[in-house]
Structures are given as C-alpha cells and as structure tokens.
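Dear colleague,

Please find below the structure that I am handing over to you. My notes on what was found in it follow directly after.

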Amino acid sequence: MQERAHHLESTEALSAAEWRQIVQSATETAIITLTLDGKVTTWSEGARRILGWSESEMLGQSLARLFDDPGHLDRELHDAFERGRGGGEEGWRLRKDGSRIWAAGEITPIYAANRKISGFVKILRDRSKQRDAQEAVLDERRALEILNRAGSQLAMETDLSRLVQIVTDAGVELCRAEFGAFFYNVLDDNGESYMLYALSGAPIEAFAKFPMPRNTDVFAPTFNGEGIVRSDDITRDPRYGRNAPRKGMPEGHLPVRSYLAVPVISRTGDVLGGLFFGHAAPGVFGERSERGMEGLAAEAAIAIDNARLSQATQREVAERRCAEEALRAANVALQENEERLRLATENADVGFWDVDHVNDILHWPQLVKGMFGISADKPVSMQDFYEGLHPQDRDPVSKAYAAAADPERRALYDVEYRTIGKEDGIIRWVAAKGRGIFDTSGRCVRVLGTAIDITERKTRESRLKELNETLERRVSEVIAERKLLADLVEGTDAFVQVVDLDFRWLAINKASADEFERIFGRRPRVGQRMLDLLDHVPTEREAVRSVWARALAGEQFTEIGTFGDPTRVRRHYEMKYNILRDGSGQQIGAYQFVYDVTERVREQERLARAEEQLRHVQKMEAMGQLTGGVAHDFNNLLTPIVGALDALQRKGVGGEREQRLIYGAVQSAERAKTLVQRLLAFARRQPLQVSAIDVSGLIESMGELIESTTGPQVKVIVEVAKDLPAARADANQVEMALLNLAVNARDAMPGGGLLRIGAELQVVGPGDAKLDPGKYIRLSVADTGVGMDEAVLARAVEPFFSTKGIGKGTGLGLSMVHGLASQLGGALTIQSRKGLGTNVELWLPATEEQVQVSEERQVVASLKGELGTALLVDDEDLVRVATADMLSDLGYAVIMASSAEEAIRLLRDGIRPQLLVTDHLMRGLNGIELARWVGAESPGVKVLLISGYAESEGVPPGLPRLTKPFRRDELAAKLESMASGSLDERAAGEIKAGASDPKNSLAAASSMRS
C-alpha cells in the first residue's frame, strides 16, 4: 500500500487531472481534495454541478467560502487531523450564484508514503431533496397536529362564539394566512349580505367601518355551497370587481392577493357559513391548504352542529334523543373526515403511518405497505412490522420505537433499517421518523410518523465506496495511457488535439494548449471535456461540437474554419481530422492537426476586394466610353438642327405661329445640348476652359438664382471661409454643378428644410484613396431631406439612375458632377443617412494663380465685310452644310472638305484660306493632326477646332475650340475672340512641335483608309 501511495504521490500533477475523469460519473456527489490549510487541489464534476464553481475557479482557493461561518472549515480540518474524520453533520452550504443547498459531508485525511497526512479529501452530498421531503412531512404532521388539537378543542366546546373562533384561528394557522374570518350564512332583507361572527389575525376595528359582504360573484359560490374557492391573486380573477359601487375591495381594506374560501356545510347539506382567508402576497395557498381546510370545515360543521345540539339539549330535555342522534351523526362524519385525511396521506410522496395504541390498530397507506413487500389490499398489524424487519436491524428499531412510546422518555423515533418483503422477498432500505402522542394522563395513545424508501440512495453510496477502493489502480492505468499519448504529440509544431468519443481530451500538445488559451481565455488540460471549457461562448461551443462530431462519427476530412472568442481574438485555421482507433481497430476517438492560416485567408480576402474594385472601375470606364461615344454622335446630329433653327429664327421665316414652333424647337434643342454636356461630363470628355476661378465670388453670385430655384420653403445658408484661394476649374461647369446639386437638395425636401452651401480649404496628405496630396477647395451642399439608404447611395453617380420617378429627372445630375470632379483632378464624396439628409462635397484643386478678370465685349451679331476664305473640314455632311451656311452669313467664302486628306490636297492645289474650321475626330487624320500640318505649312492661317466629342488629351491648351452643337452667334463670338491674330504662341509652338513630315501624315492617312 505504501508503494502505491508513493507512486500516486510521484505522479500527483498528472493524477489530479486524470482522477477527475474517473469520478466524473459521480455527478451527485462532490469529491474535493484539499491541502493541509484547506485550499482546493482537485474539484470533481459533481462539485461543479452541486456548488456551481468550475475547477479553474476553485483551484488554490480556500473551501471556507462554502460556509456561512468562516471558522467551520478550520474545525472540520482539526477534527480530521486529530480524530481521522471531521464534519459529517448536515447544514447549509453556499453555492457560486449565492443560493444555498442543504448538504452533508465529511473530511478524512490523505496519508503520504511516510504515513504523514499530506492533505484531506472532502465528500459532500446534496441533501436538499431529502430535507424538502422532511419539511413536507413536518408540514403534514403540523397540519395533523393542528387538526387534532382543533378537533379536541371543538369536541369539548359548546359555546358557538368560542367554537367559531377556535375554527377561524386554527384555519389561519393551518394555511398560514395573514387573517381569516367566519361569516354566518344569514341574509339581510335584500338577500345580499352576511353576518361576521369571528375574526382572526386582524383587529375587529379593521373591518368595523366596512359593511358586511354582499352576494357578489366572488362570495356567492361559497355561501351557495358550490365548493372551495382558491385564487393565487384574487385581484386578477375575472369574477373580481364586477359589482357596483366599489368595483372591488373598498379603500382602506386589508390588502388581499391570495384568497381561500371554504363553505361550512352541515350534515344536512345546509350552508352554515363560510371560512375566508387572505394574504397580501400572491400564491400563498395551495392544494395542501385546500385539503386541510376541507377537513377543518368538516370538523367545524360537526362542532357547530354539536354546539347547536348541546344548546338545544339544555333548552329542552325532551329533545335529548335528537341530540344523541346528532352526536352519533357527528361521530360518523368525524370518522369520514379521518378517512379522507388517511386517503390524502396515501397519495403523498412520503408514506405516513399511524399506530393506534388504544384500539391496537396499525394504519399503513399503500406506499408504506410497498416498503414491506405487502399488497395494498392486505390488512397489517404490528406483527407484520416486526417480522418484516431485517434480523440485524430488528433489535435497534424495536428499542427506538419503545423509546418514542415511553411516557418518561418521549424520544424522537429516527431510524434507518432494512426490510425483507413479505410477498416478494426483496430487501429494501427505509428511513422512518415519528413521535408519540400522549393524553393528559401521560398515556401514549398513538405514534405517528413518516417512512421514505432510501434503497436507491444506499445503492449509490455502496457504489461510491467501491469506486474509492479501486481509485488508485484506475488512476495508474490512465496515467500510463496519458504519458504514451503525450510522447506522440509533443514533438510536432502543429496544433495537435486528441479527444475521446465524449469530447474529452486524451492528449493536447503545448502549442495547441497555448493557442486554445489565447483565443478562448481558458487553458485546456488532459481529462477535461472540451465543450465544458467553451460554455462561456455558446456560439463557438456549438461550432466546435459540430466539426468534431463529424470526426467522432467516423469522417476523415480537411477544412478551413474560423474560431475564437469574439471579445478576444478570432483566427483562421486549416484543420485535418483523422479517426483514432485502438489495437482491435475499434474507434475510440479522433485527432486533428491544425495550422494557423489567418494571413493566407486575409490575403485572399484582400485580393477578392481588389478584384471587385477593379471590376467596378472597369464597369464605370466602359459606361463612360459608351456615354462619350453616344454624346459625340448626338452633338453631330444636333449641330445641323441647331444651325437650321437658328437661321430660321434669325431670318424670321414664317408667321407668328411658325415662329412659336421654331422657338419651341430651339428650346428643345438647347435642352438636348445640355443633356449631351452632362453625358460628356460623366464620361470626363467635355471640353473645359480651365482657369483660376474665385469660388467665393461664384457662390455669392449664384445666391439669388439658387434661392429662386429652391423656393420659399427651403432656407439657404451660405458659409464660405475667408481668404479662400482660387480653384483651378471651369467656372461655367462649376456653376452648372452647383445648380444641379441645389436642385437635387430641393427635390429631397418636398416639405421644405435647410440647404447649407459652404466652401473651405482642405489639405490632403499621402494615402488618400481618391485624391493626390495637395490643397483643395471643398465645396459642400448639405440638406435636411429624406436621405439615401446604402443601396441607393451605392448607385447615386451611375448615369440615368434616379429615384425621382418617370419624367421627373434625367439621372445625370450627380454623374455630371462626378465626371467634372474627375476631369479636373478632384473628387466627389457623398454622405447620406435615411431620414437625416445628404451632404455632397465637390473637391477642386486649389491654385496660387491669380483670377483673371475678363472684360466683356459686345459680340456683334455678324462680322461685317468680306472676311476672306474659310476652309471647312468635317466628315458629317449635315454638320458641314449647316456650318458653311453660318460662315457664309458671317462674311466668309466657304470651301468645304469631307476629310483632312482632302483639305491637304486643296491646300497643295493652291487655295489660301484665312481661316481653317475643322472637326476634331474624323476618319483618317484628325483635326489636331490637320492643324499641325497647316501650322507648319501656312503659319498665318487661323485655326478653329470644333467637335461633338472634344477629347482634351493631345489638344494644345491655347488652340481655339468650339463645342457642337452651336449657333451662329456662338460661332461669331468665338471668331471675334480670335480676331486679334492666329494661334497663340504656346498653341502654335505645340502644333509646330507636333507636326511631322506632311508626307508621313498623308502616308499614315492613306494607310488608315486602306
């Protein structure tokens, strides 16, 4: 034994974990080992279930926290050290959640190999259910005692007032009411109220100021003899409060929630009155209260009848025979009542027994007969009791019963004994308690008590004893197995875990234990159940259980999963699961090899996000290219239309009706022109006249226009920072963008609101996703309108997307502003929340250039005089003819060419134009290449570039440009601005620098046509 103890001690660190595996099945018993000073070294599963603390919470902690008295543990340890056993008495023990349990436990020493005490073991059992059963027995015994006492008093009482008071007092005590009352069933002239006769638990003054109860829905069933009325909360009863004028209890009445009313019915069936009991708390009265009060009401009825019979006997001797008959009837009723009480005990969970010494009768209910192996219908006597006892228990039980029935000793009968079934021969364990009942002379008239079958408890205690005897051998075997598994898994860098079929760790290497503690906050140990350590994160617990269950079901697989306490850290893991088998090939568990692949997964996610962003950019770029192409074609279609309408309008063709039609067509063409400009803005291909602009002045100059556009229901506030530098942008396009944003804000506030327009300087540093580092003017337009949800916000800048409904918007406002911002090297940002409003910010590059103040000149309607020859080049016939008409009206002799190559041939043939008007994009050589050729060959020729597409890339900034469609006045204004000379120096220089050998250009053009 010493060698085994020494071996157990040498492996104490391992056996502490393994020992718990062995004792896990003892979940109804707490098995705890302690140091010499009472600190916990092991904590069984039974201890966790009974007391609530986990092992990790109790290791190293003093066991004194279980006791109300801090010194209680010291006394148990002292007794165990000095006498070999401490504790053992039952008492209250504290649980983790603050509740208490009734438990019994003892402490015994643990001896080391040198026979010195090295620690203690505490065995604790939850006795709460047994105590509750005992309490129930005591309650039944108390009820019997109250009923017996009341019955004795009532049997000797003939005064009706005292008799009713005895019944009422006994009822208050029996059902634990706060107060009770007895009302006689005596109706007034209206047949509605009753007479109060007795009151208990409250002074008579508490009811003196109230009238007697009336025949309401609550009281009527009692006085009609319809049965017992019990309510956990009478104020919630549908019968309550239905009668005028008070609609319930009058003001100042004692508070009543729990309500119990029992009719007192005489043997003749007449309702003598009613017993009424109340309590301020709800749910006080139960079925036991009903049963007790039913018996008490029966005794009260008998007593009242007896009292009335006694009074009648005193008044009239001749009626003695009737009184005697009534007394006999009362005795019969009493016997019936006793029989009802006996039947009630037979249906209880605890067996009640009653030995009548006067009549030598033993009363056993069916439950107690079953404990002695006797059928329910067989009569029993004390001889059956003594013969049914186990021979080894017969003598001590007989002595205990004799002591309880001895008038001198009157001891408590409290024994545990075995019985041998009379009919089935089965050995059972019984715990019995009882007391003797003595009359006034001291004679024992009966012994009452309870009996409980404790066979199952005794069986568990026997099994626990056997388990303790084999504990050392089983611990040694498990330690050896654990060492073998540990040698296998500790040598790898991977996270390795091995579990049995019950999710209990058989092995876990240090790397895996460290990782588990890092992501879940609890360190696992061999022998612990994996799922128990995850009870604080139920979602993770279910995920772990689900994936391990597949492996424990026989599946071998590899997958990637994400695990970890969300409040700590979550990581991605690649997990490979395999089946663990014993020597015979039987599956005994599963194991896993795990690798942290978080960085690999995150890199894949980043790549996926980048691909999605690239697809979005490609989509927007494709839409921009498509939009720009469509806009170019529309401009080519609009140019002859606008030119023709302009000519018809200027020449006054037709009458008043025709002029109205022409005016309407001109307005429609202008709207189409604006629409095309928005498409070009979205496609970032609109021709811009970029210069330094004064944003502050621009906003102030548009104030009246914006206020008139938004209407009186919208309050406009302008907030522009002082000393704001200039922005590099196209003033006309910025004005159009600001007006578009204001109109959008107005439409978002149909009931009116606040429109705030602001501008301020912002500095953007490196790392911004949308803007290059530098200074920017942030122009913001904020409203208090309906706002946008995330889905609408994501599509806000898409062309033709609108939430205004059919016919209420083109869907190009924000897309135009977005395209303008991108074309200028800025950005457009939108913040919006549903129901809170929207804030749109247009970021424009700031510049140190000075704003140029231009002097407006009156543009003449037509250039007078013969201005020379204009060479007009355009590959669209209709555009070419319309533009030629305008040039002719302005005083030019027009020579037309359908391509750059044809124009070069004309120039080589000898024509000498003063003006070259050329389309930008044409088949073969484009307008820029033609301008460069002309600049090299004929430097004095003025060049005007016209285009419906107007790509800005490759266009010299100083080269005069005019966007299609245009009117004659717009063409005249552009030519007037060019009247001071030909190309400006920078444009001319760039054209010359870009001009190559004309022959090469023609060769390139020829090759393109072929």
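**Strands 28 and 29**

Leu871 stands opposite Ile895, a residue of strand 29. Strand 28 (residues 868-873) and strand 29 (residues 892-897) run parallel and are joined by six bridges; two strands are taken to pair if DSSP finds at least two bridges between them. Between strand 28 and strand 29 the chain passes through helix 26 (residues 877-890), and this β-α-β crossover is right-handed. Right-handed here means that, with the strands pointing away from the viewer, the path from the first strand over the helix to the second runs clockwise. Helices (H or I, at least four residues) and strands (E, at least two) are DSSP runs, numbered from the N terminus.

Helix 26 also holds Thr883. With a relative accessibility of 1%, Thr883 counts as buried, the term standing for under 20% relative accessible area, with exposed over 50% and partly exposed in between (1.4 Å probe, protein chains only). Apart from neighbours within four places in sequence, Thr883 is in contact with Thr639, Leu872 and Phe966, where contact means heavy atoms within 4.5 Å.

**Basis of the values**

This is a predicted model, in which local features need pLDDT of at least 70 and side-chain atom pairs count only at pLDDT 80 or more, while totals for chains, interfaces and linings use all residues. Residues are numbered from 1 along each chain as its sequence is written, and side-chain values use heavy atoms, leaving out hydrogens and water.

**The protein as a whole**

The protein has 31 helices and 32 strands. Of its 1010 residues, 45% count as buried. Among contacts between residues at least 6 apart in sequence, 60% join residues at least 24 apart.

**Aromatic rings and charges**

A search of the whole structure finds 17 aromatic pairs. As for the cut-offs, rings of Phe, Tyr and Trp (its six-membered ring) pair if their centres lie within 6.5 Å; planes under 30 degrees apart count as stacked, over 60 as edge-to-face and the rest as tilted.

Trp364 and Phe385 also belong to one aromatic cluster with Phe372, Tyr386 and Tyr417.

Arg410 lies over the face of Phe438, 4.1 Å from the ring centre, and the charged end of Lys458 sits over the ring of Trp429, 4.5 Å from its centre.

In helix 17 (residues 510-520), the buried residues are Ser512, Ala513, Glu515, Phe516, Ile519 and Phe520. Seen down the helix axis, these residues fall within an arc of 165 degrees, so they line one face of helix 17; the arc is that of the directions from the helix axis to the C-beta atoms. Among the elements covering the buried residues of helix 17 are strand 16 (495-500), helix 18 (538-552) and strand 19 (571-581). Helix 17 is followed by Gly521, whose phi is positive, near 80 degrees.

The buried residues of helix 27 (residues 900-908) are Ala900, Glu901, Ala903, Ile904 and Leu907. They fall within an arc of 160 degrees seen down the axis, so they line one face of helix 27. Just after helix 27, Gly910 takes a positive phi of about 120 degrees.

**Gly38**

Gly38 is found in the loop between strand 1 (29-34) and strand 2 (40-43), and is buried, with a relative accessible area of 0%. Not counting residues up to four places away in sequence, Gly38 touches Gln61, Ser62, Leu63, Leu73 and Leu77.

Yours sincerely

Technical notes: A charge sits over a ring if NZ of Lys or CZ of Arg is within 6 Å of the ring centre and within 35 degrees of the ring normal.
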